[in-house]
Every structure is written in C-alpha cells, then in structure tokens.
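Subject: Structure for your files

Dear colleague,

Here is the structure we talked about. My notes on it follow below.

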2 protein chains.
Amino acid sequence: MNTIELRPPYLIFLGNETCLTYAKTGAGLVEWRRELCSGQLNLTPDGIDLGLPQMSVEQAAADGVGSLVIGTASVGGGISPEWLDTLERAALLGLDIVAGLHGSLASVPRLQQAAATSGARLVNVRVPPPELPVGSGRKRTGRRVLMVGTDCAVGKKYTALALARDMRRRGLNVDFRASGQTGIMIAGGGLPMDAVVSDFLSGAAELLSPDNSADHWDVIEGQGGIFHPGFGAVSLGLLLGSQPDAFVVCHEAGRNHLIGWEGFALPTIEQVIERTVELGSLTNPAISCVGVSINTSRLPPGDRSGYLEELSERLGLPCVDPLQGGTDPLVGRLLQTPQTVVTDGEVALI
Amino acid sequence: MNTIELRPPYLIFLGNETCLTYAKTGAGLVEWRRELCSGQLNLTPDGIDLGLPQMSVEQAAADGVGSLVIGTASVGGGISPEWLDTLERAALLGLDIVAGLHGSLASVPRLQQAAATSGARLVNVRVPPPELPVGSGRKRTGRRVLMVGTDCAVGKKYTALALARDMRRRGLNVDFRASGQTGIMIAGGGLPMDAVVSDFLSGAAELLSPDNSADHWDVIEGQGGIFHPGFGAVSLGLLLGSQPDAFVVCHEAGRNHLIGWEGFALPTIEQVIERTVELGSLTNPAISCVGVSINTSRLPPGDRSGYLEELSERLGLPCVDPLQGGTDPLVGRLLQTPQTVVTDGEVALI
C-alpha cells in the first residue's frame with residue numbers, strides 16, 4: 001500500500017504548446033520546485049519558455065534526469081500523436097514518463113514497449129495505486145493542517161504550498177502533501193483523492209499523511225468543498241482521513257456562487273468553519289481553524305488590505321492573501337494550537 | 001450513462017455451499033423476489049435448500065431463464081474452480097452470469113470465451129458502469145426516502161425493502177433503489193456506491209433515483225453511516241445525490257460501538273437526525289426524518305415493544321422493527337411530509 005512517488009530531477013516536456021495557460025503544471029513545477037527541474041523541451045521554436053535550459057531527451061538521460069514530466073494539459077487532455085517520437089525515445093533511454101492526462105500512457109503500444117525495454121515507468125498521476133486500505137480512524141503521531149475551501153478552485157493548493165514554504169523558512173519540520181494531480185507533480189508524490197474508489201477515500205487520506213515525529217507538520221492540499229453538491233463527499237473523506245489538528249479556509253473574494261454550479265450560493269466562511277469543526281472532530285476532537293487564505297485578485301488593489309483586515313476582525317482569525325505578503329500570520333497561529341499526543345493508544349492534548 | 005440492470009428470471013447457483021449463512025444473496029432473492037426465481041442449482045447433495053425447484057442449466061435455458069445468479073459468498077469471496085464447468089455451460093447456453101464476488105468473472109478465459117460465443121453477459125454487481133457523471137445538484141421530480149444508519153450492518157437494506165413492500169401494498173407508486181451489491185441482485189439493478197470513484201459519487205446517486213412522476217417514491221438503500229471514520233464519505237455522497245425528501249434512521253438496539261471500529265462510540269439517533277438534516281438540506285432544504293427502524297433481535301423478546309415505545313416517545317417519531325410488525329407507521333408519516341414541486345426550475349413545497 002503506497003502513494004505515488006516520482007523520480008527527480010525532471011525534464012519538463014512542453015510539446016508544441018504556445019499558450020502558457022495550458023502549461024500550468026510545468027509552470028507550477030518551476031515556481032515551487034525549481035531545484036528539481038533540469039531543463040525544458042519544446043517541439044516548436046515559438047514554444048513556451050519556463051526559463052529552464054533547453055534540453056533534448058538524450059542530454060537529459062546523460063545528465064541523470066529521472067523523469068520526463070508532461071507539463072501541459074490541452075483541452076480534452078489527451079496524448080498528442082506529435083509527442084510520441086520524443087516520449088518513446090525518452091522511455092527507451094530509461095526516463096520515467098509522468099503525465100496527468102485523461103488518456104493512458106500505457107495504452108500506447110510504442111510507449112508501453114519502450115518502457116518495458118528500459119525498465120522506465122509510465123506514471124499517470126491521476127491513477128491511484130492499487131490496494132488502498134479502508135480508513136481506520138486510528139490517531140497518528142505528528143501534526144497536520146488541512147486546506148478546506150468555500151468552493152473548488154479558490155487557491156487551496158497554492159495556499160498549502162505557500163504555507164509549507166513559509167513554515168520551512170522558519171525552520172519547521174514540514175511536508176506538503178498533495179491530494180490532486182498538479183500537486184502530486186509538484187510534491188513528487190501524493191494521492192489523487194478524486195480518483196480513489198469511495199470505500200477507500202479516507203483510507204487513502206490516512207496513507208497520505210502517515211505517522212511522523214511529534215514536531216512534524218503535514219500541510220495537506222484540500223479538495224472540493226464540504227458544501228459542494230458534486231464534490232462534498234471527496235472533501236469529507238479527505239477531512240476524516242487527514243484527522244487535521246488545524247485547518248485553513250480558502251476563499252476567493254467576490255465569488256458568490258459555486259463555480260459551475262450556479263444554482264448554489266457560496267457558503268459563508270463562518271459556515272465552512274463550523275461544519276468543518278463538526279465533521280472533523282470525529283477523528284480529531286482538537287481540530288480548530290487557524291485562519292483564512294483569500295485570493296484577492298478580483299478586488300481593486302486598493303481594497304485588498306482593507307478587506308483582509310475587516311474579515312480578520314469579523315472572524316477573530318488571521319486572514320491573509322498568500323500572494324500579497326505570505327502566510328506568516330497563519331504559521332504563528334498554527335504554532336499556538338494545542339498538540340495532541342498519543343501515548344500507548346491514549347490521546348491527550350498538551 | 002447507466003445503472004446496472006439484470007435479466008430475470010433467475011437460476012440461483014449455490015455451488016457446493018452447505019451453510020446458509022454464506023448464501024445470503026440467494027436467500028435474499030427468494031425472500032424478496034420469489035416470483036423471479038425459477039430454480040436453484042446445488043453441486044452437492046447436502047447443499048442449501050432455498051425451497052426452489054432443483055434445476056440444471058440446460059433446463060433453465062429451455063425454460064427461458066435470463067441469468068444464473070451466484071447466490072453464495074464464501075470468506076474471501078472468489079470464484080471456486082469447482083464451479084467453472086457449470087458456469088461455462090450456462091454462459092454457452094446464453095444465460096447471463098451474475099456475481100458479487102471480489103474476483104472478476106471476465107478474468108476467467110473459459111467464461112469470457114463462453115460468454116463471447118453466446119452473447120451472454122458476465123455481470124459483476126460490484127463494478128459500476130463506466131462514464132458516471134459528476135453530481136449536478138439539480139432538483140429532480142418525484143419523491144425520495146433514504147435509509148441512513150447509526151452504523152454499517154444495522155438493517156438499512158432490510159428496512160428499505162420492507163418499506164417499499166409495505167408502500168406497494170398500500171397502492172403507492174414505489175421503487176426500491178439498491179446502492180449495494182446484495183440489494184442490486186434483489187432489485188435487479190442499481191449502483192454499488194462504495195465502488196464508485198469519489199468524484200462521481202453523488203452523480204451516481206443522482207442516476208440511481210432519476211426524475212419520476214410527482215406521486216412516485218424511490219425508497220433508497222443506504223450505505224455506511226455519516227459518523228463513520230471509514231465510510232462517512234460514501235454516506236455523504238449518497239445523501240447529496242439522493243436529495244431525499246425524507247429519511248429513516250436505522251439502528252441496532254444494544255450496539256454501542258461502530259462494528260469493527262471499536263474505538264468509536266455509536267452516535268445517538270438524535271445526532272444522526274440532526275447531522276443528516278444539516279448535510280442533506282444542501283440539495284433538499286425540505287428534508288426531514290420520518291421515523292426510526294430498529295433491529296431489536298439482541299433484546300429479550302419481552303423488552304422489544306417497550307423499547308420501541310419509549311424511543312418513539314423520546315423522539316416524537318414512529319419507531320418500528322420491520323421484522324416485528326412491518327413499517328406502516330413510517331409509511332403513514334411519509335405520506336404527511338410536504339411535497340416539493342419543481343415548476344420551470346423553481347422549487348416549492350405544497
């Protein structure tokens with residue numbers, strides 16, 4: 001029973017894409033894991049520049065690159081026939097091919113054969129590993145903070161990455177735990193919760209943040225939203241299995257309705273806090289909210305800090321925009337939360 | 001996009017099983033769908049007798065039987081090699097082979113080939129159909145009542161079947177909707193919610209109880225329990241997608257801890273009612289509890305009616321044991337619940 005694990009360093013493959021919007025995965029890798037990105041490979045002269053050295057698959061293999069990561073996702077999300085020569089050469093040279101596409105790399109006979117020849121892996125980060133366990137609810141050692149959202153696409157992944165970065169800067173012992181495909185590529189591992197069979201959802205979340213040392217923090221990427229008619233179950237499974245000590249509510253200022261579900265009003269931040277505490281206390285009675293992360297990009301720049309201050313006063317919690325000054329107030333609050341200690345199966349707060 | 005659908009009538013296959021405990025599926029079919037069961041087939045002279053005529057696969061084919069249903073589930077739940085000759089003959093004769101086993105019928109080359117030759121289907125009721133949708137939350141026409149539980153294995157399926165039977169007897173327009181494998185065999189269709197990929201959980205529940213006439217009731221089998229650390233997410237997905245007008249809480253008298261999760265105390269019935277209303281009101285603001293179904297088998301016979309009366313007084317709701325006098329008080333309450341009407345996309349209560 002395992003999570004997905006990628007083999008760094010990476011060659012970012014950009015195919016013949018020319019629009020940065022469709023290269024979010026590659027851009028995310030460079031933003032958050034620059035030290036693991038050895039180079040980029042474009043198939044077209046006017047391709048996207050992520051600021052990495054141009055590199056052929058042959059150079060990459062010679063330089064000890066572990067994986068060719070497909071850094072683009074076009075609409076539809078399939079494998080383009082124009083990519084195949086390059087991907088096949090990479091696989092033959094022993095590079096793992098990593099993708100988050102809808103199509104299966106292994107269903108392309110040329111790639112399957114090339115990988116079999118060299119021993120390279122074809123990794124689809126959308127596909128969970130087999131034999132996930134059912135959630136036990138057993139209290140694990142170490143500490144956990146989970147991102148939850150008023151909706152999908154409100155900045156849960158970004159907040160988790162920024163929080164983990166800021167905690168690391170303060171010398172804390174911390175890991176970012178990815179629960180979705182782009183996060184998995186950035187983290188180099190994780191579990192795509194939305195693709196896990198329902199019965200094993202909280203079991204998968206338990207695997208994602210295993211027992212750890214008492215001073216260790218897992219910063220867990222969230223999924224969906226507990227008030228979401230389509231994805232609420234994914235959010236609950238992740239919450240129950242993560243058994244977080246703390247959570248951060250993520251929200252986009254100015255959004256009033258669930259994106260793509262226009263008949264549903266957005267819950268208030270207060271409602272999300274209350275519901276998350278209620279549901280999360282089943283597996284961690286000490287769960288508490290340590291603050292709010294707001295994407296303020298839709299507000300006029302002059303209104304942003306006022307919005308955060310007002311919200312912070314209303315909630316009595318630190319409210320930040322990670323893109324406008326980082327997450328330090330959240331870290332401060334996190335460090336004040338009581339620590340749960342497990343001794344001989346007994347759980348206590350200190 | 002479809003639910004599973006079985007082809008009646010059935011030949012119940014009991015293999016070489018001699019213990020009735022392991023033939024629950026077959027016994028359930030005979031109890032609830034006697035009219036669809038043409039015969040039984042034992043491979044051993046001291047096999048289980050479900051009271052059906054003994055029938056060979058050749059007789060079954062000649063009599064127009066649609067499916068051979070594997071009515072046993074041994075520990076481990078695989079396909080026994082001793083069964084293969086019979087199953088292969090049945091498939092060659094055009095009978096669908098229906099199983100709820102862990103092993104895949106289609107992975108046995110002899111069966112795969114026999115089915116391909118005759119056009120018979122190999123149906124595993126544990127495997128959801130492909131291309132399930134994401135839950136939309138759209139309000140559907142017709143009425144719905146969902147079973148929810150204080151735990152797993154408290155009688156949710158039995159209660160739903162008894163309730164649907166009692167409603168039908170009163171002339172109501174009603175369907176039992178199965179969300180688990182045994183229920184699917186009895187219903188002749190349904191969706192195994194626990195095997196659905198998380199992202200499509202409430203979408204699957206929406207498919208399970210589609211738009212219907214205004215006077216029609218779907219009686220929906222429940223899964224798991226909303227206070228369950230392993231299966232809470234399955235319960236929430238089913239609740240959100242079912243958008244029930246009403247629900248029945250199912251409970252086993254005398255149970256104090258989640259079965260198999262001994263560290264977790266059972267929630268009270270009041271807690272389950274409150275939480276279900278809270279969560280369910282997202283997709284149906286009119287949701288209400290219409291009563292409680294108790295499995296009283298662990299109580300001394302003399303204490304049972306007193307237990308139900310006391311509970312009913314405490315909750316102000318009808319409380320029944322479906323095995324001890326049926327579910328009529330629940331039906332009565334159900335018929336008093338306000339009806340939600342959808343007109344031009346607007347939802348109103350009448």
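In helix H3 (residues 84-92) of chain B, the buried residues are Leu87(B), Ala90(B) and Ala91(B). A residue counts as buried if 20 or more other C-beta atoms lie within 10 Å of its own, as exposed if 12 or fewer do, and as partly exposed in between, with C-beta atoms placed from the backbone. Viewed down the axis of H3(B), these buried residues fall within an arc of 95°, so they line one face of the helix; the arc is that of the directions from the helix axis to the C-beta atoms. Their cover includes helix H2 (57-62), strand E4 (67-70), strand E5 (96-99) and helix H4 (109-118) of chain B. After H3(B) comes Gly94(B), with a positive phi near 95°. Helices (H or I, at least four residues) and strands (E, at least two) are DSSP runs numbered from the N terminus.

This is a predicted model: local features need pLDDT of at least 70, side-chain atom pairs count only at pLDDT 80 or more, and totals for chains, interfaces and linings use all residues. Residues are numbered from 1 along each chain as its sequence is written, and chains are lettered from A and ligands numbered from 1 in the order in which they are written.

In chain A, strand E2 (residues 10-15) and strand E3 (residues 37-42) pair in the parallel sense over five bridges (pairing requires at least two DSSP bridges between the strands). Between E2(A) and E3(A) the chain passes through helix H1 (residues 24-33) of chain A, a right-handed β-α-β crossover; right-handed here is a clockwise path from the first strand over the helix to the second, with the strands pointing away from the viewer. Gly15(A) has Asn42(A) as its bridge partner in E3(A).

His102(A) sits in the loop between strand E5 (96-99) and helix H4 (109-118) of chain A. With 12 C-beta neighbours inside 10 Å, His102(A) counts as exposed.

Now the two chains together.

A rotation of 180° with 0.1 Å of shift along its axis superposes chain A on chain B, at an RMSD of 0.1 Å (least squares on the C-alpha atoms of residues with pLDDT of at least 70 in both). The two copies are thus related as by a two-fold rotation axis.

Regards

Key:
Contact = placed C-beta atoms within 7 Å.
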